[in-house]
Amino acid sequence: MAFELLTPDEMAEADRLAIAAGPVDGIGLMRWAGGAVAALVLKRFPAVRTVHVLCGPGNNGGDGYVVARLLAETGVAVRLVATGAPRKGSDAALAAAECAIAVEPLAAFAPETGSIVVDALYGAGLSRPLDGDVVQAITRTAAAGVPVVAVDLPSGVSGVSGEVLGNAFAATLTVTFARKKPGHLLYPGRALCGETIVADIGVSDATVAATAARSFENDPSWWRPHFPSPAKDAHKYSRGHVGVFSGGPSATGAARLSAMAAARAGAGAVTVLSPGASLVANAAHLTSIILRRSDTLQDALAFFDARKPEVLVYGPGLGAEPEVGRFALELMSVAEGRFGALVLDADGISSLSHRRAAFFEVRKRGQPALVLTPHHGEFGRLFPEIAANGSLSKLERARAAARRAQAIIIYKGPDTVIAAPDGRAAINTNGTPLLATAGSGDVLSGIVAALLAQRMPAFEAACAAVWMHAEAARRFGPGLIAEDLPLALREVVAGLSG
Ligand SMILES: NC(=O)C1=CN([C@@H]2O[C@H](COP(=O)(O)OP(=O)(O)OC[C@H]3O[C@@H](n4cnc5c(N)ncnc54)[C@H](O)[C@@H]3O)[C@@H](O)[C@H]2O)[C@@H](O)CC1
Ligand SMILES: [K+]
């Protein structure tokens, strides 16, 4: 699959393996990389008058020297600006030696209207915040408003985390090599890359696989084989039964949103488990969804034993009172032999923040399968040490939390990360600000539950749910409210099942 994400270290490993396997060598990869960038510059900016190529001291700069040479050979006016000479004997030094254009100092660099800038200052090797002449070059480029084509990554953007080290170019186009890096997909890096294109530089799929990369861009192509479709002889319970716990009389809508989403995402039966005080409110709004009174753990146990739900959703609309956390722990304790998976969302997560030790103790069993769907604030409440660790990217934070809680983590946001305890993690890329609307998280928890109830493996189910949720929002478009999402899922499910 071409959806692996490589950290800069994994990419360096892939380069090493490709060179070791031959026949391509380091300068060969660099020529291929520079050639891809030059070709895209010509294709995207056919009328450009001057191209300023900015080269740094490492291999990113080496790519830049190749770009400058190739563009000049095609007749483009190239001005070559460099900071620091490449290390003697390096591939970059070889590329620089092959480029006969006079070098101008970075300190004097100021692009003019009508020109474009190729940023080959720093890529995967960025190791500290940018400063001095580089920051001035970024400021002057932004002031001139000229397009920037970034080689591998906009200088200043961390390939590991997408964070900005000091300052960064805002690119129109970023051309990276072999595979995207997490920094292309995590914010703010994603916004600073502009359009990101992956160019082939002769690193084979087998070489990428040999790096044992465990991060992916979320894409239907790799989880669709697991996407459930009902058997010909299906009956409603064989299509999976989801139970959703409802909140009190003034907070019942969240559970119904989750329940409707679960039904639209293919669960054969969905039951709302409602406190007695909320029965009337729920009954007034539910038709195909089953309604059952549940005030106590005994009530819930009676339901499990009688109706055998596969998956429960606990959290939407419940309030963050201590007893909500206690009940969540009790559910996990009694799960064995009763239900297979639990989706904890919203208040179901926040309410555990005062019972963290007990929660992590219960999770040592690894049962039931657990999916947690925190946004940033909820994540910080349940995993404060991980959230406070500034050296971790969002991808690594989600991964650490997944391991700690022995759970699938859906760490929500514009760059939602899905992580599994076995180390796999994915970054979602079809998100939309339309989803920033009340109740949209409740819908997501229902979709996850429905896919789990239909026996989709948990990591793939979580990735599919996140993608479907965003896809439904995109299809519906502006004006979306959470109530629209379950029906909008219909087309998305049809597209995946077809
Ligand atoms: N064979 C390979 O490894 C290939 C590498 N390629 C290119 O090589 C790049 C990686 O090359 P490198 O590992 O040399 O890394 P870079 O060229 O990104 O930067 C490394 C140099 O910059 C210095 N540096 C880091 N941060 C700095 C800062 N904030 N201020 C000043 N100096 C700083 C480092 O000390 C080092 O000298 C990739 O991004 C890609 O463009 C491509 O040519 C494909 C082949
Ligand atoms: K760059």
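**Briefing: annotated positions, ligand shell and core**

For "binding site", an unreviewed UniProt entry lists Lys412, Gly413, Pro414, Asp415, Thr416 and Gly441. The structure itself is a predicted model.

- Gly413 sits in the loop that runs between β16 (408-411) and β17 (417-419).
- Gly413 counts as partly exposed because it has 16 C-beta neighbours inside 10 Å, and a residue needs 20 or more to be buried.
- Apart from neighbours within four places in sequence, Gly413 is in contact with His375 and His376.
- Asp415 is also in the loop between β16 and β17.
- Asp415 has 21 C-beta neighbours inside 10 Å and therefore counts as buried.
- Setting aside neighbours within four places in sequence, the contacts of Asp415 are Leu185, Leu186, Tyr187, Arg190, Lys394, Ile427 and Asn428.

**Around ligand 1**

- Ligand 1 is surrounded by 27 residues, of which Gly58, Asn59, Asn60, Gly123 and Gly125 are the closest.
- Two or more residues of this shell come from each of α1 (8-21), α2 (26-44) and α3 (59-73).
- Helix α3 supplies the largest share of the shell, five residues.
- By type, the shell holds 13 nonpolar, ten polar and four charged residues.

**The largest nonpolar core**

- In soluble globular proteins, nonpolar side chains tend to be buried together.
- Here the largest nonpolar core contains 157 residues, and Val53, Val118, Val371, Ile408, Ile418, Val448 and Ala462 have the most contacts inside it.
- The biggest contribution to this core, 13 residues, is from helix α20 (residues 458-476).
- Both domain 1 (4-213) and domain 2 (220-497) give at least three residues to this core.
- Ile408 touches Val371, Ala402, Ile418, Ala420, Ala458, Phe459 and Ala462, if residues up to four places away in sequence are not counted.

**A loop residue: Ala277**

- Ala277 belongs to the loop between β11 (269-274) and α11 (279-283).
- Ala277 is partly exposed because 14 other C-beta atoms lie within 10 Å.
- Beyond its neighbours within four places in sequence, Ala277 is in contact with Gly248 and Pro249.
- From Ala277 to Val81 the separation is 196 residues in sequence and 72 Å in space, C-alpha to C-alpha.

Terms used:
Residues are numbered from 1 along each chain as its sequence is written. Chains are lettered from A and ligands numbered from 1 in the order in which they are written. This is a predicted model: local features need pLDDT of at least 70, side-chain atom pairs count only at pLDDT 80 or more; totals for chains, interfaces and linings use all residues. A residue is near a molecule or strand if its C-beta atom, placed from the backbone, lies within 6 Å of it. Helices (H or I, at least four residues) and strands (E, at least two) are DSSP runs, numbered from the N terminus. Ala, Val, Leu, Ile, Met, Phe, Trp, Tyr, Cys and Pro count as nonpolar, Asp, Glu, Lys and Arg as charged, and the others, Gly among them, as polar. A nonpolar core is a set of buried Ala, Val, Leu, Ile, Met, Phe, Trp, Tyr and Cys residues joined through C-beta atoms within 7 Å. A residue is buried if 20 or more other C-beta atoms lie within 10 Å of its own, exposed if 12 or fewer, and partly exposed in between; C-beta atoms are placed from the backbone. Domain bounds come from an automatic or database domain assignment. Two residues are in contact if their C-beta atoms, placed from the backbone, lie within 7 Å. UniProt positions are given in the numbering used here, feature names are shortened, and annotations may be inferred rather than shown by experiment.
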